[in-house]
Amino acid sequence: MHTDVLVIGGGLGGVAAALAALRAGRSVIMTEEFDWLGGQLTSQAVPPDEHTWVEQFGVTASYRALRDGIRDYYRRHYPLTEASRAAAHLNPGAGYVSKLCHEPRVALAVLEAMLAPYRAGRRLQVLQPYRPVAADTYGDRVSAVTVQHRDTEERLTLTAPYILDATETGELLPLTGTEYVTGFEAQSETGEPSAPAEAQPLNMQAVSYCFAVDHVDGDGVDMVGDKPANYAFWRNYQPSFWGDRLLSWTAPNPRTLESSRRTFTPNPDDDPLAVVADQRRTGGDTNLWTFRRIAARRHFVPGTYASDICLVNWPMIDYFEGPVIDVPDAAKHLAAARELSHSVLYWLQTEAPRPDGGTGFPGLRLRKDVVGSADGLAQAPYIRESRRIKAEYTVVEQDLSVAVRGERGAVEYDDSVGVGMYRIDLHPSTGGDNYIDVASSPFRIPLGALLPERVENLLPANKNLGTTHITNGCYRLHPVEWNIGESAGALAAYCLDRGVAPRAVRNTPALLAEFQDRLVAQGIELAWPAVAGY
C-alpha cells in the first residue's frame, strides 16, 4: 500500500500529524496497534495534563478544537445540570489534575469525528490493530515499513515519501537503524544540572496501567475480586525513598521529595463547579479520589450517575522494577506492571485505611466498560518515556529550567514550530531514582528537534523527538505531543509541496519563514506572550 504520508502510531501525535497532512491535501495511511485511537488520552486512559493558561493560549487551534469538541459532546449527549451546561469551561470530572477531566470514550468519539470526513473521502486509511515489525532502508532513507495485525498476524508493506514515527516508544527507530538514545544522558554530554555523571540508557521512567473505579454504596456491598497471585509481594514492597510501603497513602511529594500522606474519600459531596484545577498552584493530588476524577456525579441531573468515576493514575501504580524498552524481558515487566495495578485495586478494596478507622473499601467497583478492556485495566500502558532520536538539535534542561534561565524565560528558538509548557516532571525510574520535578519556563518546540541527524524522510511525531531524559519530562504531555505531531505532519506535506527536504527547510531562511507562516495560518502558535514559568 502506498500513500503520501505514512503515520505509524495513532496516539495523539499520530492523529494530529494525520490531520495536518490531510488538511494540506495529502493522502495518509495511519496505523494503530490498540483498539482505540488517541494513545495517552484514550487507550492509556490518562486525562490531559495541561498548563495553567490552556483556556487562553499556548495550544494549537486543532488541539483547542479537540478540547471544545469534548465539552460539546457532553453538552449534546449527557444530561448535565443547567448550571453545568452553561459553564464555559466545563470540567466533566471536576478533577484537580486538569481543567478538562473526562471519560476516555468521549475523547475517542471526538477524535474519530475529526477524522471521519477524510476517511469517507478515502484520503485517510486507518489500519487497526497493526504494529510495525520491520522496515526497509536505502542509504539515508526509509523505503518501506511492514506492519503486522495483532490478532491474525497478517502483514502489510507500506510505502510513502515521508514516514512519521508516532508510536509511543519510538518503535521505528531501531527498525530503521535511525540513531537514538534511551534513558539518562551523561552530564558531560548535555551539561544538565539534573543529569548523572555517567549515561544510564536503561534507567527510564516508570510505566503504569491505569484503571477506573466507582463506588457502590450500601451495607454488605462486596465488589472485591480474586486476590492477585503476587499480591503479597506488592503488599510488602517498599522502595527505599518512599517513606512507607508502596501500597499505602504515603508517597513522596514530587516537588519537595518529602514523604506526604494522601487522603481518599469516595464520592465527596463537593460542588464540581467550585473545583479549580491549576498545576501552577498545586499538583492536585491531596485527595486521590478527586485528583483524576473523570465523572463528577453532581454535574449531571440526579440519577444519571450513582457514583463519581475516579481514574486511578496514582504514585502507587508506578512500576519501576525494570525498563520495557530495548530489553529481552519487556513482556515480563509489562505483566508485572499489570499485576501491580490489580494489587493496588485489591488493597484498596480490602486493606486500605479508611477515615473512620476501618480498612478497605469493598464497594469500589472496577469499571471495565470505561476503559474498554476485558480485565479492567487500560488497553495500553501509560508510557512516559520513549526512545528519542539523535537530532540536529537536542533540547536540554538549561534551555528552559527556571532555576537556570530565571526571568529571561526559555531559549527562544528561531526555528520554532510550536509551544508547550509543563514542569519537568519525571516519575521514579528503573535505576532507583526518586522524582525529579523542576520548574520550567514556557518553551518553544524547535524544528531541529524533529530532524534526525542522518535519516532524511523519517520524522518523530510523539515523545521521540530530540529531547533528553530530563526535558522529556515537560515535552511528553498531551498538548505538546499533539503539537509535535501536527508540526511533523505539516512539515511532511510542505516538503512534498515544495520538493525540498526537511533539513533544507530548517537551514534555508526563506523556506523556514514560509513554513512557519503556514503553521501560523493553521493556528499553531510559535511563541509565548510574557508569562512566567512555574
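This is a predicted model: local features need pLDDT of at least 70, side-chain atom pairs count only at pLDDT 80 or more; totals for chains, interfaces and linings use all residues.

Colleague: Let's start with Q40. Where is Q40 found?

Modeller: Helices (H or I, at least four residues) and strands (E, at least two) are DSSP runs, numbered from the N terminus. Q40 sits in the loop between strand 2 (28-31) and helix 2 (61-77).

Colleague: Is Q40 buried or exposed?

Modeller: Buried means under 20% relative accessible area, exposed over 50%, and partly exposed in between (1.4 Å probe, protein chains only). Q40 has a relative accessible area of 1%, so Q40 is buried.

Colleague: Which residues is Q40 in contact with?

Modeller: Contact means heavy atoms within 4.5 Å. Setting aside neighbours within four places in sequence, Q40 is in contact with L12, A45, V46, Y382, R476, L477, H478 and E481. With R476, a polar atom of the Q40 side chain lies 3.2 Å from the backbone oxygen.

Colleague: How does A439 compare on accessibility: buried, partly exposed or exposed?

Modeller: A439 has a relative accessible area of 22% and is therefore partly exposed. A439 lies in the loop between strand 18 (436-438) and strand 19 (443-446). Beyond neighbours within four places in sequence, A439 is in contact with L400, S401, V402, R423 and Y534.

Colleague: And Q522?

Modeller: Q522 follows helix 15 (509-521) and is partly exposed, because its relative accessible area is 35%. Not counting residues up to four places away in sequence, Q522 touches R23, A61 and E486.

Colleague: Now helix packing. At what angle do helix 2 and helix 13 pack?

Modeller: Axes are lines fitted to C-alpha atoms, for helices over the stretch in contact, and angles run from 0 to 180 degrees between N-to-C directions. Helix 2 and helix 13 (residues 478-498) pack at about 130°, with axes 9 Å apart. Angles under 35 degrees count as roughly parallel, over 145 as roughly antiparallel, 65 to 115 as roughly perpendicular and the rest as oblique. Helix 2 and helix 13 are therefore oblique to each other.

Colleague: Which residues meet there?

Modeller: From helix 2, S62, Y63 and L66 meet H478, P479, W482 and E486 of helix 13. The residues of this contact divide into 4 nonpolar, 2 polar and 1 charged. Here Ala, Val, Leu, Ile, Met, Phe, Trp, Tyr, Cys and Pro count as nonpolar, Asp, Glu, Lys and Arg as charged, and the others, Gly among them, as polar.

Colleague: How are helix 1 and helix 4 oriented to each other?

Modeller: The axes of helix 1 (residues 12-23) and helix 4 (residues 104-120) come within 11 Å and cross at roughly 30°, so the two helices are roughly parallel. The contact is made by L12, V15, L19, L22 and R23 of helix 1 with L111, M114, L115 and Y118 of helix 4. By class, that contact has 8 nonpolar, no polar and 1 charged.

Colleague: What about helix 2 and helix 4?

Modeller: Helix 2 and helix 4 pack at about 120°, with axes 9 Å apart, and are therefore oblique to each other. S62, L66, G69, I70, Y73 and Y74 in helix 2 meet V106, A107, A109, V110, L111 and M114 in helix 4. This contact has 10 nonpolar, 2 polar and no charged residues.

Methods
Residues are numbered from 1 along each chain as its sequence is written. Side-chain values use heavy atoms; hydrogens and water are left out. A polar contact is a pair of N or O atoms within 3.5 Å; within protein, one must be able to donate a hydrogen and the other to accept it, and residues adjacent in sequence count only if both atoms are side-chain atoms.
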